[in-house]
Amino acid sequence: MHELAEWLEVDDGDLSWLATHWRVAPGDASSPLHHYSYHARGKRDGRHRLIERPKPLMRFVQHKLLHGLLDRVPPHDAAHGFRRGRSIVSFAAPHADKPLVIRLDLADFFASVTQARVHALFSALGYPVAVARALTALCTNRVPSRLLVSGALKGKFDWTEQQRLRARHLPQGASTSPALANLCAFRLDTRLAALAASLDADYTRYADDLAFSGAARFKRVADRLPVWIAAIALEEGFVVQPRKTRVMARGIRQQLAGVVVNRHPNLARDRFDSLKALLTNCVRHGPASQNRDGRADFRAALAGHVAHAAMLNPSRGAKLQAIFERIDWHRTGSSS
């Protein structure tokens, strides 16, 4: 263990403190010995996502693990989220101009990856039991029970969600979680890719978004395919949310992670129109008047949206960029 501490650039005592997950009782919400802070973020469907933010020392160690270890282990080729050189465009592109596209969503993607699965991964990578146990403790977390039923988090999560969060899992907010989730989903990706290949179809995954597309043979089983996928996912420790499943024929908008794929990967027209209107209002009334969420770096956020649009549709992106460049960022007031 001394060698692990040395590699992580912490002393033995700090490693022991970070990796000893029986030090604090799970119900003790107020202990300063917990390595994470918590806040709930609302989703569009009215539910909440728990952000588990590691404290500085834990964050430092996790960054070291991510860049020194996890980034060197390749996930399945079907995985496009959280990977250098991959994006929502590479995720959506294989499904462009297909007669039928099916999109499914996995519930609580990070929280579904348990301590046991993370430990099994580190063991499979060849680490001794003690090291695999320490690495697992550094990359997983359990939320104090009392925190989930009192204070700011009270009423935000149903019983099933609470059970996932009370058990050790990949915390959403840790830099190691996306890479570990991809690696722990390797068997899921392997089985779903094989299922797609047997139907002359394509399969890709972007985090918790699953996408399948194909033609005649694929269309013949379209009504049964979501059930097969859900069964495979359940066997691999994940749960498909049926209400978010979308079966999209060519005659309707086929959209994956915000990318329209009916003919080629493209920016949705309504998304272009709303972004254009936002930029235009920034020009007319000043950017402060449009920063309704109080973002610390509104300029960078808008620039990111424009760059995303340009990546999907260079022509539309150029129009948005031209408006963006007319914004007076020194203007603080609002005028009509």
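This is a predicted model: local features need pLDDT of at least 70, side-chain atom pairs count only at pLDDT 80 or more; totals for chains, interfaces and linings use all residues.
Visitor: How are the helices and strands defined?

Guide: They are DSSP runs, numbered from the N terminus: helices are H or I with at least four residues, strands are E with at least two. Two strands pair if DSSP finds at least two bridges between them.

Visitor: Which strands does β5 pair with in the antiparallel sense?

Guide: Strand β3 (residues 100-105) runs antiparallel to β5, joined by 6 bridges. Here Arg103 has Ala211 of β5 as its bridge partner. Strand β4 (residues 202-206) is also antiparallel to β5, with 5 bridges.

Visitor: Which way do the side chains of β5 point?

Guide: In a regular strand the side chains alternate between the two faces of the sheet. In β5, Asp209, Ala211 and Ser213 point one way. Leu210, Phe212 and Gly214 point the other way.

Visitor: Is β5 (residues 209-214) enclosed or open, and why?

Guide: Buried means under 20% relative accessible area, exposed over 50%, and partly exposed in between (1.4 Å probe, protein chains only). For β5, 6 of the 6 residues are buried, so the strand is largely enclosed by the rest of the structure.

Visitor: What is the order of strands in the open sheet of 3 strands?

Guide: The order is β7-β8-β9, with antiparallel pairing. β7 (255-256) and β9 (266-267) are the edge strands; each has a single partner, so one side of each lacks a neighbour in the sheet. β8 (residues 259-260) pairs with β9 over 2 bridges. Val260 has Asn266 in β9 as its bridge partner.

Visitor: How many salt bridges does the structure hold?

Guide: Side chains of opposite charge can pair when their charged atoms come close. The test for a salt bridge is a side-chain nitrogen of Lys or Arg within 4 Å of a carboxyl oxygen of Asp or Glu. The structure holds 15. One of them joins Asp77 and Arg86, at 2.6 Å from N to O. Asp77 is exposed, at 54% relative accessible area, while Arg86 is partly exposed at 25%.

Visitor: Which parts of the chain does the pair of Arg250 and Asp97 link?

Guide: Arg250 and Asp97 form a salt bridge, with their closest N and O atoms 3.4 Å apart. This pair links distant parts of the chain, 153 residues apart. Arg250 is in the loop between β6 (246-249) and β7, and Asp97 is in the loop between α4 (88-92) and β3. Arg250 is partly exposed at 41%. Asp97 is partly exposed at 44%.

Visitor: Which residue forms a salt bridge with Arg191?

Guide: Glu235 does, with the closest N and O atoms 2.7 Å apart. Arg191 sits in helix α10 (residues 186-198) and Glu235 in helix α12 (residues 225-235), 44 residues apart. Arg191 is partly exposed at 29%, and Glu235 is exposed at 58%.

Visitor: Which residues are linked in a network of salt bridges?

Guide: The network links Arg47, Asp108, Glu161 and Arg164. Asp108 lies in the loop between β3 and α5 (115-124). Asp108 is buried, at 18% relative accessible area.

Visitor: Where does phi take a positive value in a residue other than glycine?

Guide: Most residues other than glycine have a negative phi. Glu9 has a positive phi near 65°. Glu9 is in the loop between α1 (2-8) and α2, and is exposed at 54%. Asp108 also has a positive phi, of about 45°. Ala207 takes a positive phi near 55° in the hairpin of β4 and β5, which has 2 residues between the strands.

Visitor: Which residues form the negative surface patch?

Guide: Patch residues have over 30% relative accessible area and no salt bridge, and like charges are joined within 9 Å. Asp and Glu count as negative. The patch here is formed by Glu3, Glu6, Asp11 and Asp12. Asp12 lies in helix α2 (residues 12-19) and is partly exposed at 43%.

Key
Residues are numbered from 1 along each chain as its sequence is written. Side-chain values use heavy atoms; hydrogens and water are left out. Patches are made of residues with over 30% relative accessible area and no salt bridge: like charges are joined within 9 Å, nonpolar side chains (Val, Leu, Ile, Met, Phe, Trp, Tyr) within 5 Å. Accessible areas come from the Shrake-Rupley method with a 1.4 Å probe; for residues, only the protein chains shown count as cover. The place of a charge is taken as NZ of Lys, CZ of Arg, CG of Asp or CD of Glu.
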